[in-house]
Amino acid sequence: MDERTVPLAGPVLDWPVFPVEKILPGSDNSWSEGVLTIDLDAMARLAAVETGVRTVQAHLLCPGDPVRVTHVAETILPTVDAGNPGATFPGIIGLPVAPPGRQHRLNGVTVLGLVDFASSHDLSQLGEYPDVDSLLDLAGPGAAVTPLASQFHLALDFTLQPKVSLLLADRAFRCGCLRVARALAETTLNQKSNLLESPPSADQKLPAVAAVVHVGAEGVLLNTYLYGRSLEGADPTVISVEEFFGGALTNGAYDYAGMRNTTYAYQCGGVVRQLLAGQSSRLDFKGVVIARAYLTSTEEKRRSAQLAAERLVELGAEAVVVTPFQTGNSQSDLMFTLQECERRGIRTAAIVAESDGGLTDEVPEADCLISSGNEDQWIEAWRPERVVGGASLEDGRPALEAGPIMIRHYLGACSQLGDTYIKAVTW
Amino acid sequence: MIVVHYLNQFFSGHGGETAAQLPPGWLSGAVGPGRMLGFEVAASLFCGDDYFNEHVEKALEMLLKMLEREKPDVLICGPSFGAGRYGLACGTLARAAAERGIPAVCAMEPDSPGVSAAGGAAYIVPTGGSVAEMKHVLPRVAKLAERLGRGESLGPPEEEGYLPRGVRKNELSTALAAERAVQALLDKLDGRVHTEVPLGQEKVPPAEPIASLEQATVSLVSEGGLIPIGNPDRLPSHSAEKWFAYSIEGLSSLSKDRFQSIHGGFNTAVANEDPNRLVPLDALRHLERKGRIGQIHPFLYSTTGNSTTVANAVRMGREIAADLKKRGILAALLVGT
């Protein structure tokens, strides 16, 4: 196996990990020695339990399948609170228990939530919602650009009730995906894993490093949730790693797929996982600050950047990695944050996806930027044998014969949390 | 494969400095160094260095017309080595050709002004400053030109032997971006600062103040996606690559029955209820009536500034500014969103 296809949900904290090396349809859900058996009908029914869902079709997908998946809105790592399963994904489908308890996590499989909101609801009044493609190719050139292509997937293809408000229909979609993710991980509740990792205690002589993770919270279909509550209006907040990895932070923002932080992206953690992995050996990990981006005025952006930097001062951080939310004007949120940190003596690095022609904004303090790719590059044409999730792309092209597609439409390809091998270099 | 070669007055055999004012011209077949390229050259274009640099627009127009007649598969400019004026001409012509879909290859010193004139559009083989390198440089130029002329794509600059063009292409790294970010931060704490993303946005100095706003024609320019109802030009709600000019002649304000915003990056409800709050024609008309401004340009320049690449935004800005300048318009009210 190419090392670049290794699943990303590796051990964090002291939470057991249950590897999935094969998935099979069956009459019940079970996990045994790397084989996950899934009752597809039961999972489709479970996903459709909330008011607002009209139908759900379940599909098993494997790495290398000649399949293109369209309308991918959300991805979730199957997880369950081992001590209190009813508190899994707290505040949304679970009891609001803070922080999340010790999780059992399946590694190598995701729940993919597919939905076309525009087919059931009028999105014209949303203004902000980008009517853009969101794809995952499990083979062909598009598979090489995202680590998600090397995972197994239970794809849940939703249609929504048009008569239910968009707010509730979206909630029903998200909750349906989360319920199924919990149900898959529940197969491990009475099982033991050899894969777990306890974080060693920190050596105070190591550099004190933290992370700032920018999130989006602009309204329905553009929200990030903490314990089920939208972060709209929230100031920068310190959250624990248990909250970050453990399902308290969930996605409901369906911006460009390439740069989208799905719930799976938070659960895997990207740079937060890397910082945790370096704990005690290379650095003293101080914590995570989540801060909204895409704020609507310069004043708001500056204010948020200052508050994020202040939270880092309180954590005792001397250095920070900042991850942006999407691209475009949120690069100003990023730049202000780098500037405010450096002004306080906190050294900075950031991950950033570029567009053709460079960044939207820049400051001299941004002297340590790591590329997660050029979002405007094209991925060459590929003809899948099958399409799951909708036969047409947003511009009407048939998904089977779409021709070249921009990398920004491939889920996770330019991950802003850094779980991507894609990097832009100068030619 | 049809190859056209551009040379200055000296290398085209018209003389040295005394012929630097030579206007553009055309010769059949190869001349000078073109004879050593190793393949057939259909035509050679030439121009005096001083003429080109003192009459850039005119020289370019004439040379491009000649190019269009030849319909080449590839254009070769130079080599110009360390010659500044020649390099500028080569870079400028190569860029114009490349922007018209004709791949172009130059050869010059890396610090020649021709490199920036080429704007990353052309492939430039790096040379030293001396013409003595000619026999070593020409085969490298020919190799690139032949492949481009046959429609092949070139690999990375360090493998193919051309100067980086500033194009940012994706490749697969051996480490996750997250791993590289943590390492880069730790390196920075150790005093080793490095970046993967070069900065360097173009800094545009502000224009000179307007001597008399009362005399000036003021234009309205917006990236707010404001278009006539029905979107006749199908301006997209995001990722726009074009701008349009819409008549506002004789209108006292922008009526919601005639204009709407299709911008996909903000909630357009308020703008569509009263388009003047997006593009304030009503307020500008008031100033016009009061004599505070001379007059309002009768066209609104409009595009969508949402998910637009920086490269496209820069190009559209240049095009709109050039159009305004051509029409003698001294001021533009830019309404951003």
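Helices (H or I, at least four residues) and strands (E, at least two) are DSSP runs, numbered from the N terminus. By that numbering, A:Cys62 sits in the loop between strand 5 (53-61) and strand 6 (67-69) of chain A. The structure is a predicted model, in which local features need pLDDT of at least 70, side-chain atom pairs count only at pLDDT 80 or more, and totals for chains, interfaces and linings use all residues. Residues are numbered from 1 along each chain as its sequence is written, while chains are lettered from A and ligands numbered from 1 in the order in which they are written.

Burial is judged by counting C-beta atoms placed from the backbone: a residue is buried if 20 or more others lie within 10 Å of its own, exposed if 12 or fewer, and partly exposed in between. A:Cys62 counts as partly exposed because it has 14 C-beta neighbours inside 10 Å. Two residues are in contact if their C-beta atoms, placed from the backbone, lie within 7 Å. Leaving aside neighbours within four places in sequence, A:Cys62 is in contact with A:Ile23 and A:Phe152.

Two other loop residues of chain A are exposed. A:Glu33, in the loop between strand 3 (30-32) and strand 4 (35-38) of chain A, is exposed because it has 9 C-beta neighbours inside 10 Å. A:Glu33 is not a glycine, yet it has a positive phi of about 45°. A:Arg383 lies in the loop between strand 22 (378-379) and strand 23 (386-388) of chain A, and it is exposed, with 11 other C-beta atoms within 10 Å. Not counting residues up to four places away in sequence, A:Arg383 touches A:Leu400 and A:Glu401. A further loop of chain A, between strand 8 (79-81) and strand 9 (103-107), holds A:Pro99; the peptide bond from A:Ala98 to A:Pro99 is cis, with omega near -10°.

Next come the helices of chain A. The axes of helix 6 (residues 298-315) and helix 7 (residues 330-343) of chain A come within 8 Å and cross at roughly 45°. Axes are lines fitted to C-alpha atoms, for helices over the stretch in contact, and angles run from 0 to 180 degrees between N-to-C directions. Helix 6 of chain A is therefore oblique to helix 7 of chain A; angles under 35 degrees count as roughly parallel, over 145 as roughly antiparallel, 65 to 115 as roughly perpendicular and the rest as oblique. Among the residues that make the contact are A:Ala305, A:Ala309 and A:Leu312 of helix 6 of chain A, and A:Phe336 and A:Cys341 of helix 7 of chain A. The contact divides into six nonpolar, five polar and four charged residues. Here Ala, Val, Leu, Ile, Met, Phe, Trp, Tyr, Cys and Pro count as nonpolar, Asp, Glu, Lys and Arg as charged, and the others, Gly among them, as polar.

A nonpolar core is a set of buried Ala, Val, Leu, Ile, Met, Phe, Trp, Tyr and Cys residues joined through C-beta atoms within 7 Å. The largest one has 151 residues, of which A:Leu154, A:Leu156, A:Val320 and B:Ala181 touch the most other members. Helix 2 (residues 166-185) of chain A gives the most to this core, with 12 residues. Residues touched by A:Val320, beyond four places in sequence, include A:Leu312 and A:Cys341. A second, separate core of 53 residues includes B:Val41, B:Tyr51, B:Ala122 and B:Val141.

The contact between the chains takes 55 residues from chain A and 44 residues from chain B. On the side of chain A that touches chain B, strand 21 of chain A gives the most, with six residues. That side divides into 23 nonpolar, 19 polar and 13 charged residues.

Chain B has 10 helices and 13 strands, and 41% of its 337 residues count as buried. Helix 2 (residues 56-70) and helix 3 (residues 84-99) of chain B pack at an angle of about 50°, with their axes 11 Å apart. Their contact has eight nonpolar, one polar and no charged residues. In strand 4 (residues 74-81) of chain B lies B:Pro79, joined to B:Gly78 by a cis peptide bond with omega about 10°. B:Ser307, in the loop between strand 12 (295-302) and helix 10 (310-326) of chain B, has a positive phi near 60° and is buried, with 23 other C-beta atoms within 10 Å.
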